[in-house]
Amino acid sequence: MRDFRFGVNFLSPGSADEWTAKCRRAESLGYDVLQVPDHLELPAPFPSLIAAAAATGRPRVGTFVLNAAFWNPVLLARDVVSTTQLTGDRLELGLGTGYVRAEFEEAGIDFGTPRTRVDHLERTLTELQRLLPEPRPALLLGGNGNRMLRLAARHADVIAFTGGEAVPGSTDGSMRLSSADSVHERVTAARRFTAEYGRDPEFNILIQQVVVTSDRKSAAADIATKMNHLSAEEVLEIPTLLIGTAAEMADQLAERRERFGFTYVTVLEPALEDFATVIDRVRG
């Protein structure tokens with residue numbers, strides 16, 4: 001069983017001093033990877049990661065994840081090579097297909113279909129394999145469907161599970177959290193695919209919310225009232241939420257490592273401080 005790794009996905013832009021300060025704070029709190037997503041209203045990934053690496057000494061830096069549809073594969077390879085060099089080989093390259101229709105429309109890029117978006121991601125992987133020199137950055141692929149999980153099983157060093165699913169009937173990319181059973185089914189599929197290729201990638205999960213409370217059941221009931229597809233009991237089980245005291249959340253991580261194989265855990269920036277107490281518990 002792998003040891004845990006912990007990442008934080010930064011969402012807020014800021015000045016150079018503000019960015020440096022929060023990257024150094026994350027490093028001091030024990031985070032292993034400083035990450036940046038790829039959404040139009042959020043910080044630009046590659047310059048932000050170069051600045052994060054310059055501000056820190058230990059953590060790796062990663063895209064979590066790039067929307068492959070936004071990138072010409074050849075130009076992406078150029079940016080990956082430069083970022084790898086400028087971060088001292090600390091880059092983890094995370095890729096996904098993109099899912100928010102409004103962002104595609106704003107950027108003037110065809111939203112297409114799930115199939116065409118995966119097609120483009122697959123072409124991107126082929127080009128990166130052709131163009132990137134050795135040593136290449138670790139590759140993380142995020143997704144949920146069988147085709148994406150199979151691609152990840154074949155190529156990725158890390159499979160990042162979304163822990164979410166499209167809202168039934170939605171066409172704009174709206175997502176909802178999946179039940180624990182649904183996530184387990186996706187993990188089982190991924191394990192089947194990795195076995196076919198004789199590979200053993202790391203499994204990542206993105207924690208959507210860290211809820212510090214001494215009353216887990218009450219907090220779960222409150223969350224369930226904002227959803228129409230999960231009960232309070234199911235909310236307590238889903239791997240994309242952590243609910244409870246620091247000790248209880250550490251126990252939840254251990255249980256989920258055993259059940260799902262999640263050893264690489266990412267939280268969102270608002271949970272930076274609260275989750276650090278969990279990291280301390282996990283590492284003793």
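Strand E2 and strand E3 (residues 60–63) run parallel and are joined by four bridges. Strands (E, at least two residues) and helices (H or I, at least four) are DSSP runs numbered from the N terminus, and two strands pair if DSSP finds at least two bridges between them. The model is predicted: local features need pLDDT of at least 70, side-chain atom pairs count only at pLDDT 80 or more, and totals for chains, interfaces and linings use all residues. Residues are numbered from 1 along each chain as its sequence is written, and side-chain values use heavy atoms, with hydrogens and water left out.

E2 is also joined to strand E1 (residues 5–9), by three bridges and in parallel.

| E2 and E3 | valine 61 | E2, helix H2 (residues 45–55), E3 |

A crossover is right-handed if, with the strands pointing away from the viewer, the path from the first strand over the helix to the second runs clockwise.

Strand E2 (residues 33–36) is covered on both faces, with Val33 and Gln35 buried on one side and Leu34 and Val36 buried on the other. Buried means under 20% relative accessible area (1.4 Å probe, protein chains only).

The largest cavity is lined by Phe4, Ile205, Ile207, Pro239, Leu253, Arg256, Phe262 and Val265. Strand E10 (202–207), helix H10 (246–260) and strand E13 (262–268) each give two or more residues to this lining. A cavity is a set of points on a 1 Å grid over the protein atoms alone where a 1.4 Å probe fits but cannot get out, and lining residues have an atom within 4 Å of a point.

Technical notes
1 Å grid on protein atoms, 1.4 Å probe; cavity = no way out; pocket = protein on both sides within 12 Å on 5 of 7 lines; lining within 4 Å. Buried < 20%, exposed > 50% of the residue type's maximum accessible area, 1.4 Å probe, protein only.
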